[in-house]
Amino acid sequence: MRSMMFLSFAGLASLQSSCRAFVSRQSTIVHSGVVASNRLFSSTTVNDVDTSSRLLSPPSIVLQKVFEEDNRPIILFDGVCNMCNSAVNLALDWDPRGQLRFAALQSNVGRALLQAHGRKADDISSIVFVTPKGAYIKSDAILGITQELNPLPMLPLRPLALVGQWVVPQILRDAIYDTVADNRYSVMGKRDECRFDADGEFDDRFVDDCLAES
């Protein structure tokens, strides 16, 4: 099931673009989130998230902090979305080299990175792929992520994503993405707890939310 759900995102994107996912286009690039998981993940009840007593750094400072000592891209995902969490689990499995990091859109780091790239702090309408050079949304974000995945040792997805970039027009792949994203809660539901980080072997794959604090 996890493979099928991720393929509905990554597969669609692979059929569409990879190279172009990193071409400067205003409509797709913005410059400067499973209930049943087999892993142990730390999560925080959404209603319990309280940042009022914390002093948070400005978004530009948070952006600088997250890439100061680690240049790996960051996937901002909907932390309460079961489908999104399934995709994160699959991405962890398909990224044995640990090329990708993760943060919930609802986390302090996630909200700051959204603002740093011109989006509203509470905008969870799209997955966001954040790199030191810029941020990518919708199908371009999926394509950027797909390039880093290796489901099998000798089967990198980068070539497929590059080929797919020229097969399906961006307007069509974004329309497919929007259809899936708009129905993600009705398809697989949502959870009451937001997944912010991980325990154990994946600790270094989830961005420390303390980086958003002053």
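Residues are numbered from 1 along each chain as its sequence is written, and side-chain values use heavy atoms, with hydrogens and water left out. Because the model is predicted, local features need pLDDT of at least 70 and side-chain atom pairs count only at pLDDT 80 or more, whereas totals for chains, interfaces and linings use all residues.

Helices (H or I, at least four residues) and strands (E, at least two) are DSSP runs, numbered from the N terminus. Two strands are taken to pair if DSSP finds at least two bridges between them. By this criterion, strand β5 (residues 128-131) and β6 pair in the antiparallel sense, with four bridges. A hairpin of two residues connects β5 to β6. Within this pairing, F129 has Y136 of β6 as its bridge partner. Burial is described by relative accessible area: buried is under 20%, exposed is over 50%, and partly exposed lies in between (1.4 Å probe, protein chains only). In strand β6 (residues 134-137), G134 and Y136 point one way, A135 and I137 point the other way, and all are buried.

Rings of Phe, Tyr and Trp (its six-membered ring) pair if their centres lie within 6.5 Å; planes under 30 degrees apart count as stacked, over 60 as edge-to-face and the rest as tilted. In one of them, F102 and F206 are tilted, at 5.5 Å centre to centre and 35° between the planes. F102 belongs to strand β4 (residues 101-104) and F206 to the segment after β7 (193-195), so this pair ties together parts that are 104 residues apart in sequence. F102 is buried, with a relative accessible area of 0%, and F206 counts as buried at 5%. The rings of F129 and Y136 have centres 6.5 Å apart and planes at 45°, so this pair is tilted. Both F129 and Y136 are buried.

Charged side chains were considered next. Side chains of opposite charge can pair when their charged atoms come close. A salt bridge is defined as a side-chain nitrogen of Lys or Arg within 4 Å of a carboxyl oxygen of Asp or Glu, and nine salt bridges are counted by this rule. One of them joins D123 and R119, at 2.9 Å from N to O; R119 counts as buried because its relative accessibility is 16%. Another salt bridge is formed by D178 and K138, whose closest N and O atoms are 3.3 Å apart. This pair links distant parts of the chain, since D178 is in helix α7 (residues 170-182) and K138 is in helix α5 (residues 138-146), 40 residues apart. D178 is partly exposed at 25% relative accessibility, and K138 is partly exposed at 26%.

E148 and R158 also form a salt bridge, with the closest N and O atoms 3.6 Å apart. E148 lies in the loop between α5 and α6 (158-165) and R158 in helix α6, so the pair ties together parts that are 10 residues apart in sequence. E148 counts as buried at 16% relative accessibility, whereas R158 is partly exposed at 35%.
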